[in-house]
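Please look over the sequence and the structure shown below before reading on. The report that follows is written for someone meeting this structure for the first time.

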Amino acid sequence: MNGAGGRPYLAIPGPSIMPDRVLQAMHRPAPDIYSGALVDSIPPLVDDLRAVARTKGQAAIYIGNGHAGWEAAMANTLQPGDKVLFLATGRFAYSWSEMAEGLGIAFDVLDFGRQSPVDPDRVETALREDKSHDIKAVMVCHVDTSTSVRNDIPAIRAAMDAAGHPALLFADCIASLACDRFEMDAWGVDVTMAASQKGLMTPPGLAYVFFNEKAAQARIRIDRVSRYWDWVPRSRPEMFYQYFMGTAPTHHIFGLRAALDMIAEEGLDAVWTRHERLAHAIWAACEIWAQDGPLRLNIANQDHRSRAVTSLSLDGQNGTRLRQWLEAEMGLTLGIGLGMETPDDPGSDRAFRIGHMGHVNGQAVLGVLGAMEAGLKALNIPHGVGGIDAAARVLAKGSKTMPDAKAAE
Ligand SMILES: *Cc1c(COP(=O)(O)O)cnc(C)c1O
């Protein structure tokens, strides 16, 4: 048996599965970029993106990946010598802080380890100690994709308010937008960054930066912003080319349009509910397997877990062995462990991740879990009995609220 015969399945936390509808939307000749349908399609596209971020603020789109979103957001609000505070719950805050360093921005990191979310009390204390308000922004990943921690953004906002601190709140929603509930305006986020290739189901290559009036005011303070990163013309263009500061990313736009249509047809709340239910099914299986054997979920408390990615570990080399077996025998690719190295596991061969973001449904999740259970058996890795049954029971219970089930009734 091997995985080469059927359709391969990529269950890594980005890029995520591209729906056929997205792929088909992109399969067309190059359009005119000076007039016509493409030009007319951008204002509603931006409105629909803002709706997914739940903001009435402005949006700028960049041709770039998530790192471009980080750089764009900081380039418009901070300048060399400014100081920011990173709240680290895994690898991604550190990668982001390296981008800040490259821009000459000073920073402190509050590190909350790899297995727990940001503690708002520590944030409040740190901000109270900053009496002269040197800290211009607080940076946090809503979901850290390496550890699969999900942070409580409203609690962090409340801590900032309790400290009476004026810093901007930046939320990296690259792994969470259109997966985990996120309400930019209601939660008091000033700047949100996202990218095309995770919950938004489109190829990597577009970054989105959403910003409110307070962040727009911060932009005014900056003496010089590179023309390319400047969000003013991108969000309020006088000429069409300013949306993208050059040629529009034509086919990404077609793909994104289809993805946003799919999200709108399902309903954003239903999209969140679906991710919630599927995540619970995955956890149910993993928790049963963990009862007897080395498998561990990285995050113990369900409230602190992402609904889009799950970080797991095995013992010895078994994380890597399981991934390799699944790819070779099942045609299933799971994510590598990221930022989970330890002195006794420098190659991160224990850790691995399941991506369950975007275009995912019950049969896909059961396929992933079934393949994983086959892998545990094939490699003689001890595991509790009944994981798939537990997952099936979660999905059975939730069938009425699953959009596909509703459509079938
Ligand atoms: C994927 C991801 C990034 C990086 O995005 P790239 O497109 O790889 O630059 C940043 N932050 C989070 C939370 C992510 O999940």
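The paragraphs below turn to the nonpolar cores, then to one helix, and then to the aromatic rings.

The model is predicted, and the values given here are to be read with that in mind. The largest nonpolar core has 61 residues, of which Leu87, Leu177, Leu200 and Tyr208 touch the most other members. Helix 9, which runs over residues 250-266, gives the largest share of this core, namely eight residues. Because domain 1 (9-16 + 267-408) and domain 2 (21-264) both give residues to this core, the core lies between the two domains. Apart from this core lies another one, made of 36 residues, among them Ala11, Trp283, Leu295 and Leu332.

When its neighbours within four places in sequence are left aside, Leu200 is in contact with Leu49, Val52, Leu177, Ala178, Ala195, Tyr208, Ala259, Leu260 and Ile263.

Helix 9 itself has 17 residues and reaches 25 Å from its first C-alpha to its last, which is close to the 24 Å expected at 1.5 Å a residue. Just after helix 9, Gly267 takes a positive phi of about 95°.

The aromatic rings form a further topic. The structure holds nine aromatic pairs, and two of the pairs involve Tyr243, as the table sets out.

| Aromatic pair | Arrangement | Centre to centre | Angle between the planes |
|---|---|---|---|
| Phe240 and Tyr243 | edge-to-face | 5.6 Å | 65° |
| Tyr243 and Phe244 | tilted | 6.2 Å | 40° |

Is Tyr243, which takes part in both of these pairs, buried or exposed? Tyr243 has a relative accessible area of 16%, and since buried means under 20%, Tyr243 is therefore counted as buried. Phe244 is buried as well.

Elsewhere, Trp70, Phe86, Trp96 and Phe107 form one aromatic cluster. Aromatic rings also meet charged side chains, for the charged end of Arg234 sits over the ring of Tyr228, 4.5 Å from its centre. In another such arrangement, the charged end of Arg305 sits over the ring of Trp283, 4.9 Å from the centre of that ring, and Trp283 is one of the residues of the 36-residue core.

Key: Residues numbered from 1 in each chain as written. Predicted model: local features only at pLDDT ≥ 70, side-chain atom pairs only at ≥ 80, totals over all residues. Heavy atoms only, no water. Core = buried A, V, L, I, M, F, W, Y, C linked by side-chain atoms within 4.5 Å. Buried < 20%, exposed > 50% of the residue type's maximum accessible area, 1.4 Å probe, protein only. Helix = DSSP H or I, 4+ residues; strand = E, 2+ residues; numbered from the N terminus. Domains from an automatic or database assignment. Contact = heavy atoms within 4.5 Å. Expected span 1.5 Å × (residues − 1). Phe/Tyr/Trp six-rings, centres within 6.5 Å; stacked < 30°, edge-to-face > 60°. Lys NZ or Arg CZ within 6 Å of the ring centre and 35° of its normal.
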